Amino acid sequence: MSAGPAGAGAGHAAVVGAGHAAVVGAGVIGGGWAALFLAHGLDVVAHDPADGAEERLRESVRRAWPALARLGLAEGADPHRLRFTDSAAEAADGACFVQESGPEQEDAKRRLLAELDEAAPPSTPLASSSSGLTPTTLQTMCGRRPERVLVGHPFHPSHLIPLVEVVPGTRTERSVVEETVRFYTALGKRPVLVRREVPGHVTNRLQAALWREAYSLVERGVATVADIDTAVSEGPGLRWALLGPLVNQHLSGGAGGMARTLDHLGPPAQRWMDDLGTPRLTPALTEALVRGVDEELAGVDQERMVADRDELLVRLIEEKRRRRSLP
């Protein structure tokens, strides 16, 4: 299941009703969520116990704001509608939606989710940004209302990348899933419903498959780190940013579509898949990967690189919104 993005200024009240959005965990991902919520005219109450977290969060919102303004701000959108609190419970109290983005550590998650479950209104969805823990595991941490707990996993930079994976657990109520999908869609996100719990959800597994072979090619001396990055970013990555790998495969079959592609390339593709590597991240391979990235980025202004990346992301998102033929 996926839902198309709403336009700028999509109304929040029609999604979850009155109240603020709570952001708990204000690091890179939580900061992106906070900026996105503010850009869509929401009041945001945030909490993070780390020293200097409030200053870093406000700076993160400030840096994200120009790009979000380019993409369209909702009526009333204002970065000053952000309030920082001393506790997770205070952030969740009265919230219409809770986005938890705390550390990927089970003990820390357990304490945090128990506090949020106790403090948030009973009907409020409690979505975790977790990429590593399943929602059913997270539900065991919430003794009050586990049926309103699910995963809402974004992708960095979370204020720009439209994709969010919505992953219900075994006890998540269908109405909560539907409400969460509507909420994210109203924020311009493209929710994908993950219908079965698997480690890493969907997109991280797809990334891991590519990483595995990239690591193997480096380990076997087939290609350098820089060459692999070029092979993806200047090749299939350009197409994947517009259409997914399976639709691109369909188009490569011409008039015959996917059927012709699989008939023509299926046997060699099976041989390629059978020959894919199974590397282990040994100290030697880890060192080779780190060294390769360092060599690739030698002399590169990485702050400028990130700024240019985000600028191109904004342009691409703007263009994709205009091209209605793209799914």
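Select helix H7, residues 174-186, where helices (H or I, at least four residues) and strands (E, at least two) are DSSP runs numbered from the N terminus. Its 13 residues should span 18 Å at 1.5 Å a residue, and its end C-alpha atoms are 18 Å apart, which agrees; the expected span is 1.5 Å times one less than the number of residues. The model is predicted: local features need pLDDT of at least 70 and side-chain atom pairs count only at pLDDT 80 or more, while totals for chains, interfaces and linings use all residues. Residues are numbered from 1 along each chain as its sequence is written, and side-chain values use heavy atoms, with hydrogens and water left out.

Within H7, colour the buried residues, including Val-176, Phe-183 and Tyr-184; buried means under 20% relative accessible area (1.4 Å probe, protein chains only). Just after H7, Gly-188 takes a positive phi of about 85 degrees.

Next, display the largest nonpolar core, which has 34 residues. Such a core is a set of buried Ala, Val, Leu, Ile, Met, Phe, Trp, Tyr and Cys residues joined through side-chain atoms within 4.5 Å. Phe-37, Leu-57, Val-61 and Tyr-184 touch the most other members. The largest share, seven residues, comes from helix H2.

Centre on Phe-37: beyond residues up to four places away in sequence, Phe-37 touches Ala-21, Val-23, Leu-42, Val-44, Gln-99, Phe-183 and Leu-187, contact being heavy atoms within 4.5 Å.

Finally, select Ser-128 in strand S5 (residues 126-128). Ser-128 is buried, with a relative accessible area of 2%. Its contacts, neighbours within four places in sequence aside, include Gln-99, Leu-138 and His-153.

Definitions and conventions. Buried means under 20% relative accessible area, exposed over 50%, partly exposed in between (1.4 Å probe, protein chains only).
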